[in-house]
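Subject: Structure handover

Hello,

Please find the structure below.

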Number of protein chains: 2
Amino acid sequence: MQKDASLTTPAAIRKLVRAGDYSGHTSGFAPGFVQANLVILPKQYAFDFLQFSQANPKSCPIIATSHSPGVTDMPTVGEDIDIRSDLPRYRIFKNGQMVEEVTDISDVWRDDLVTFLIGCSFSFEEALIAAGLEIRNITEHKNVPMYVTNMPCQSAGMFHANMVVSMRPMKPADAIRAIQVCSRFPSVHGAPVHFGDPAAIGIKNINKPEFGDAVTIKNGEVPVFWACGVTPQIAIANAAPDFCITHSPGHMLITDIPNSRMAAL
Amino acid sequence: MQKDASLTTPAAIRKLVRAGDYSGHTSGFAPGFVQANLVILPKQYAFDFLQFSQANPKSCPIIATSHSPGVTDMPTVGEDIDIRSDLPRYRIFKNGQMVEEVTDISDVWRDDLVTFLIGCSFSFEEALIAAGLEIRNITEHKNVPMYVTNMPCQSAGMFHANMVVSMRPMKPADAIRAIQVCSRFPSVHGAPVHFGDPAAIGIKNINKPEFGDAVTIKNGEVPVFWACGVTPQIAIANAAPDFCITHSPGHMLITDIPNSRMAAL
């Protein structure tokens with residue numbers, strides 16, 4: 001895909017994706033606009049999942065839900081969205097197992113499906129960069145390293161998981177600034193949940209993340225840990241609902257919401 | 001002193017102190033009200049000192065200055081304050097050396113003296129306790145430990161100093177909460193300046209503070225460091241002005257300003 005001027009607006013990118021002309025990741029696309037994680041569940045699981053999200057807002061910050069089962073637009077987050085085609089890549093799960101990765105879910109759509117959009121770290125990383133902080137995974141062109149902790153989320157119905165965290169190494173003074181900046185963004189994971197000793201939250205080897213890539217931790221830096229949107233994916237895998245659709249990692253919904261509108265203050 | 005109900009208001013305590021009936025420390029007095037550090041300098045040094053303060057607001061947060069040289073009231077911080085008698089104990093310095101500790105400075109008052117009131121950690125400690133956090137020096141009934149760092153303040157005229165920091169040990173999750181809470185209080189030292197490795201800011205031995213008392217650092221806790229109001233005292237000692245008055249440590253001016261009014265948000 002050519003990233004020309006006509007494709008820098010969220011609507012232009014969604015149109016291209018909808019037409020089937022782009023199916024890659026969305027990192028760095030439409031700078032300044034919120035990108036969202038996607039979870040689609042049958043109505044019978046929707047209340048429990050929403051309850052799980054609301055009990056664990058740092059791991060699973062809900063940006064929007066579809067206003068009723070079966071509808072495919074999301075008017076509060078973007079114009080003319082069709083949730084069945086506007087993400088570059090989807091994963092379809094049956095009984096907790098991924099069965100297919102597709103670029104369009106129109107043919108498996110059902111009238112009982114409820115859509116959840118969940119905040120994503122891209123938004124707060126942009127705010128941190130604007131504050132002059134270095135994001136190591138961006139500098140090193142890697143996926144952010146993610147770890148399964150020993151910190152249990154509050155469970156709700158069938159949904160339960162230990163918190164998954166992402167990690168960005170920083171000098172302590174930068175970490176303090178990052179805590180201030182991210183505290184303004186509760187809808188996109190908010191302030192970190194831990195810094196320093198990985199073992200204190202059950203991480204055995206900081207160089208062996210369960211998801212993503214290891215990044216360099218320089219002398220004088222400490223690992224800083226944020227609650228991560230992979231947590232609800234683990235909760236869904238644990239719950240093993242008979243049917244579920246998510247985005248493919250890194251292949252997000254690009255919304256019309258400016259990142260700045262996510263700031264609490 | 002009996003801490004009966006009539007002595008819980010700032011004005012009542014100041015009246016007692018003014019009458020010469022109390023000359024002890026003010027820790028825990030008039031809960032909810034701002035207590036202030038005091039610096040009094042001849043007018044010839046006033047601009048440089050104010051410039052030092054404004055360049056180093058975390059170490060030297062100015063709450064108020066007298067509105068002109070020689071005046072002894074401070075109407076913006078309290079009713080009927082007489083700065084010459086309303087603190088329990090003062091220190092008089094000549095050429096950078098302490099020459100006397102007194103309970104009243106009326107007999108050394110001069111028409112060229114300018115008063116500076118500087119924010120104090122008592123205010124943010126109260127906010128941290130209200131947030132459910134433990135303050136180790138309070139739990140252990142000790143003075144907070146303070147350390148001279150290798151971080152230079154921005155100098156102004158004759159005033160220069162390395163930053164002095166106070167330290168409170170906390171678990172990382174509590175430290176993150178403390179950073180959020182203290183960020184709301186820029187006038188009383190604000191957010192911490194460092195956490196973790198003491199050597200990174202030039203502290204050789206965390207168990208040997210230069211001022212105050214060592215406190216217990218428990219397993220799983222990290223030292224968290226705040227800029228400290230002792231910094232301007234070091235700057236004054238370095239500058240060695242021919243004349244200067246400060247409060248005695250712990251013997252503060254109790255103002256009529258509610259701590260809550262110091263919150264930026």
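How much area do chain B and chain A bury between them? They bury about 1,200 Å², and 80% of it is on carbon and sulfur atoms. Buried area here is the accessible area, taken with a 1.4 Å probe, that two parts lose on being put together, summed over both.

Before the rest, some conventions. This is a predicted model, in which local features need pLDDT of at least 70 and side-chain atom pairs count only at pLDDT 80 or more, while totals for chains, interfaces and linings use all residues. Residues are numbered from 1 along each chain as its sequence is written, chains are lettered from A and ligands numbered from 1 in the order in which they are written, and side-chain values use heavy atoms, with hydrogens and water left out.

The interface

Contact means heavy atoms within 4.5 Å. By that rule, 14 residues of chain B are in contact with 14 residues of chain A. A salt bridge is a side-chain nitrogen of Lys or Arg within 4 Å of a carboxyl oxygen of Asp or Glu, and the count between chain B and chain A is zero. A polar contact is a pair of N or O atoms within 3.5 Å; within protein, one must be able to donate a hydrogen and the other to accept it, and residues adjacent in sequence count only if both atoms are side-chain atoms. Two residue pairs are in polar contact across the interface of chain B and chain A, both at pLDDT 80 or more.

On the side of chain B that touches chain A, the elements that give two or more residues are helix H5 (172-183) and strand S8 (194-195) of chain B. Helices (H or I, at least four residues) and strands (E, at least two) are DSSP runs, numbered from the N terminus. H5(B) supplies the largest share of that side, seven residues. The residues of that side divide into 11 nonpolar, three polar and no charged. In this count Ala, Val, Leu, Ile, Met, Phe, Trp, Tyr, Cys and Pro are nonpolar, Asp, Glu, Lys and Arg are charged, and the others, Gly among them, are polar.

The core

Buried means under 20% relative accessible area, exposed over 50%, and partly exposed in between (1.4 Å probe, protein chains only). A nonpolar core is a set of buried Ala, Val, Leu, Ile, Met, Phe, Trp, Tyr and Cys residues joined through side-chain atoms within 4.5 Å. The largest one has 84 residues, and A:Leu117 and B:Leu117 are among those with the most contacts inside it. Leaving aside neighbours within four places in sequence, B:Leu117 is in contact with residues including B:Leu38, B:Ile63, B:Ile83 and B:Leu253.

In helix H6 (residues 230-239) of chain A, the buried residues are A:Val230, A:Thr231, A:Pro232, A:Ala235, A:Ile236 and A:Ala239. Among the elements that cover the buried residues of H6(A) are strand S1 (33-42) and helix H2 (43-55) of chain A. After H6(A) comes A:Ala240, with a positive phi near 50 degrees.

A buried histidine

B:His247 is found in strand S10 (residues 244-247) of chain B and is buried, at a relative accessible area of 3%. Its side chain makes a polar contact of 3.2 Å with the side chain of B:Asn37. A polar atom of the B:His247 side chain also lies 3.1 Å from the backbone nitrogen of B:Leu38.

Salt bridges

Over all chains, the structure holds 19 salt bridges. One of them joins the side chains of A:Asp256 and A:Arg14 at 2.9 Å, N to O. A:Asp256 is in strand S11 (residues 253-258) and A:Arg14 in helix H1 (residues 10-18) of chain A, so this pair links parts of the chain 242 residues apart.A:Arg14 is buried, at 1% relative accessibility, whereas A:Asp256 is partly exposed at 25%.

Another salt bridge joins the side chains of A:Arg18 and A:Asp86 at 2.7 Å, N to O. A:Arg18 lies in helix H1 of chain A and A:Asp86 in the loop between strand S2 (62-65) and strand S3 (90-94) of chain A, so the pair ties together parts that are 68 residues apart in sequence. A:Asp86 counts as buried at 2% relative accessibility, and A:Arg18 as partly exposed at 34%.

In chain B, the side chains of B:Asp112 and B:Arg110 meet in a salt bridge of 3.1 Å, N to O. Salt bridges that share partners also join A:Arg14, A:Arg18, A:Asp86 and A:Asp256 into one network.

Regards
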